[in-house]
Amino acid sequence: MAVQVRGTFTELYDGVDKTIKTIISDALSELSPIYKQYCNMKSSDKKFERVVSVTPFGDVPQKAEGETYTLDLIRAGWTKDFTHVEFGLGFEVTETAQEDDEHDILIRNAEMLAFSARYVQEKTAADSFHNNGFGSETTPDGVSLYNTAHVLKGGGTTRNMLSTDADLSI
């Protein structure tokens with residue numbers, strides 16, 4: 001027996017999705033996001049975005065009384081392109097299924113969908129630091145995030161690792 005739903009025949013709109021959207025919205029509001037404390041994520045209508053930085057000025061030299069000021073130039077820093085991604089997941093229900101949902105399974109499915117969405121946000125944000133920090137994702141200077149040879153545009157290098165390797169932990 002085939003189940004006829006709005007997804008297979010759009011003229012059978014039953015208005016159920018408004019109820020499910022409310023359930024998902026409520027479930028998401030109960031979960032406080034952790035990733036927002038560490039990552040600056042934003043929505044965008046663009047296919048990709050380019051971040052261009054500038055290098056800071058060098059050290060400010062001491063000048064003698066009556067002498068002219070030393071001048072410095074603004075120089076372009078690194079450029080990094082970000083390609084936006086989109087995620088989506090859903091499930092279909094009919095009005096009859098919702099009416100017959102004696103054990104609130106559909107409501108739990110909506111809550112689990114909200115949980116799944118939040119989990120993917122957290123996992124995606126953490127990947128930049130955990131899984132991709134040592135190799136596959138590179139910083140604007142072309143090396144991995146955790147590297148001892150970040151080249152500075154003004155010359156020299158810098159490191160963002162401990163001098164003695166250590167595992168990351170809580």
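Me: What makes Glu 122 a buried residue without a salt bridge?
Reply: In this predicted model, the side chain of opposite charge nearest to Glu 122 is Arg 118, 5.0 Å away. A salt bridge needs a side-chain nitrogen of Lys or Arg within 4 Å of a carboxyl oxygen of Asp or Glu. Glu 122 therefore has no salt bridge, although Glu 122 is buried. Buried here means under 20% relative accessible area.

Me: Where is Glu 122, and which residues is Glu 122 in contact with, leaving aside neighbours within four places in sequence?
Reply: Glu 122 belongs to helix H3, residues 105-127. With those neighbours within four places left aside, Glu 122 is in contact with Pro 33, Ile 34 and Tyr 35.

Me: How do you know that Asp 81 and Arg 50 meet in a salt bridge?
Reply: Their side chains are 2.6 Å apart, N to O. The cut-off is 4 Å, so the pair counts as a salt bridge. This pair links distant parts of the chain, with Asp 81 in strand S2 and Arg 50 in strand S1, 31 residues apart. By this rule the count comes to 1 salt bridge. In general, side chains of opposite charge can pair when their charged atoms come close.

Me: Why is Asp 81 called partly exposed?
Reply: The relative accessibility of Asp 81 is 38%. Buried is under 20% and exposed is over 50%, with partly exposed in between. Asp 81 therefore counts as partly exposed.

Me: Why is Phe 57 called exposed?
Reply: Phe 57 has 52% relative accessibility, and exposed means over 50%, so Phe 57 counts as exposed. Phe 57 lies in the loop between strand S1 (48-54) and strand S2 (76-83). On the surface, Val 54, Phe 57 and Ile 74 form a nonpolar patch with about 360 Å² of accessible area together.

Me: How do you know whether His 150 is buried or exposed?
Reply: The relative accessible area of His 150 is 8%. Because buried means under 20%, His 150 is buried. His 150 is found in strand S3, residues 150-151. Not counting residues up to four places away in sequence, His 150 touches several residues, among them Thr 139, Asp 141, Leu 145 and Asn 160.

Me: How many helices and strands does the protein chain have, and what part of the chain is buried?
Reply: The protein chain has 3 helices and 4 strands, in the order α-β-β-α-α-β-β from the N terminus on. Buried residues make up 17% of the 170 residues.

Note on methods
Residues are numbered from 1 along each chain as its sequence is written. This is a predicted model: local features need pLDDT of at least 70, side-chain atom pairs count only at pLDDT 80 or more; totals for chains, interfaces and linings use all residues. Side-chain values use heavy atoms; hydrogens and water are left out. Patches are made of residues with over 30% relative accessible area and no salt bridge: like charges are joined within 9 Å, nonpolar side chains (Val, Leu, Ile, Met, Phe, Trp, Tyr) within 5 Å. Accessible areas come from the Shrake-Rupley method with a 1.4 Å probe; for residues, only the protein chains shown count as cover. Helices (H or I, at least four residues) and strands (E, at least two) are DSSP runs, numbered from the N terminus. Buried means under 20% relative accessible area, exposed over 50%, partly exposed in between (1.4 Å probe, protein chains only). Lys and Arg count as positive and Asp and Glu as negative; His and the chain ends are not counted. Contact means heavy atoms within 4.5 Å.
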